[in-house]
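User: I have a chain open here and would like to learn how to read it. Can you take me through it feature by feature?

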Amino acid sequence: MRHDAIILAGGAATRMGGRDKPGLLVGGRSLVERVAAAVPHAERLVVVGPPRDLPGALFTREDPPGGGPVPALRAGLALAAAPWVALLAGDLPLLLPEHVIALLDAAGTRERAAGAVLLDDGGREQWLAGVWRTAALRAALEDYGGRSLHGLLAPLDPVRLRLPGTPWLDCDTMDELRSLTQTGDDPHRPPERRGGVNSGPEAGERSPHHT
């Protein structure tokens, strides 16, 4: 499916002492770089947050900056053009291209599905780890005055997808980042795909995005 990608990489990392969370390194690459690498086939890569060194990306900001995920989605969606969009948090270090492909495939299995989202190991929807019809998101935002992504997206009734491992894992604290150092990226993946915080670059390069 033709798709763009929107990565939400703004907001204050209050539980990380105000650090630039998307810029923290895991496996030799920043968190936001790792998320960008999970969408190599996106026609446009839109990052909502401060500009940074991320070749091929389009940068924009929510109004006001730090206003939350719904204003950030509005800002990112204004730059999207493809019929589908991957909506992703900027702190998903274990997300891989095959996970995004699985989401797109899942969304295509149900006629007129508005999208598909990952479920965590407790069965909870991860609203910033999903794919959506661009038109469905725009229509939902037109009539929505709330601040919650759950309130915006849950009524669209996406396909819920559970995948092996923890591709939905986000990093909200320094302890979670340190845990990646101790345990490797993901115990469900082969050892050669693992790597800890600041453990060195991974093999492979992201292909450029078309803008």
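**Reading the fold**

Analyst: Where pLDDT is low, the predicted coordinates should not be read in detail. As the model is predicted, local features need pLDDT of at least 70 and side-chain atom pairs count only at pLDDT 80 or more, while totals for chains, interfaces and linings use all residues. Residues are numbered from 1 along each chain as its sequence is written, and side-chain values use heavy atoms, with hydrogens and water left out.

User: What is the order of the strands in the open sheet?

Analyst: Strands of a sheet pair through backbone hydrogen bonds, either parallel or antiparallel. Here 7 strands line up as S5-S4-S1-S6-S8-S7-S9, with mixed pairing. Helices (H or I, at least four residues) and strands (E, at least two) are DSSP runs, numbered from the N terminus, and two strands pair if DSSP finds at least two bridges between them. S5 and S9 are the edge strands with a single partner each, so one side of each has no neighbour in the sheet. Direction ignored, neighbouring strands are turned by 25 degrees against each other on average.

User: Is S7 mostly covered or exposed?

Analyst: Mostly covered: 5 of its 5 residues are buried. Buried means under 20% relative accessible area, exposed over 50%, and partly exposed in between (1.4 Å probe, protein chains only). Across the chain, 50% of the 211 residues are buried.

User: And the helices? Which residues of H2 are buried?

Analyst: An α-helix has 3.6 residues a turn, so residues three or four places apart point the same way. In H2 (residues 69-77) the buried ones are Val 70, Ala 72, Leu 73, Ala 75, Gly 76 and Leu 77. Their cover includes S1, S4, S5, S6, H4 and H5. H2 packs on the sheet, and its direction makes about 145 degrees with that of S1 (axes are lines fitted to C-alpha atoms, for helices over the stretch in contact, with angles from 0 to 180 degrees between N-to-C directions). H4 lies across S6 and S8, at about 115 degrees to S8.

User: Which residues touch the most other members of the largest nonpolar core?

Analyst: In soluble globular proteins, nonpolar side chains tend to be buried together. A nonpolar core is a set of buried Ala, Val, Leu, Ile, Met, Phe, Trp, Tyr and Cys residues joined through side-chain atoms within 4.5 Å. The largest core here has 33 residues, and Ile 7, Val 39, Leu 45, Val 100, Leu 118 and Val 131 touch the most other members. H3 (97-108) is among the elements that supply at least two residues, and its 5 residues are the largest share. A second, separate core of 22 residues includes Val 70, Leu 77, Leu 137 and Leu 152.

Methods:
Contact means heavy atoms within 4.5 Å.
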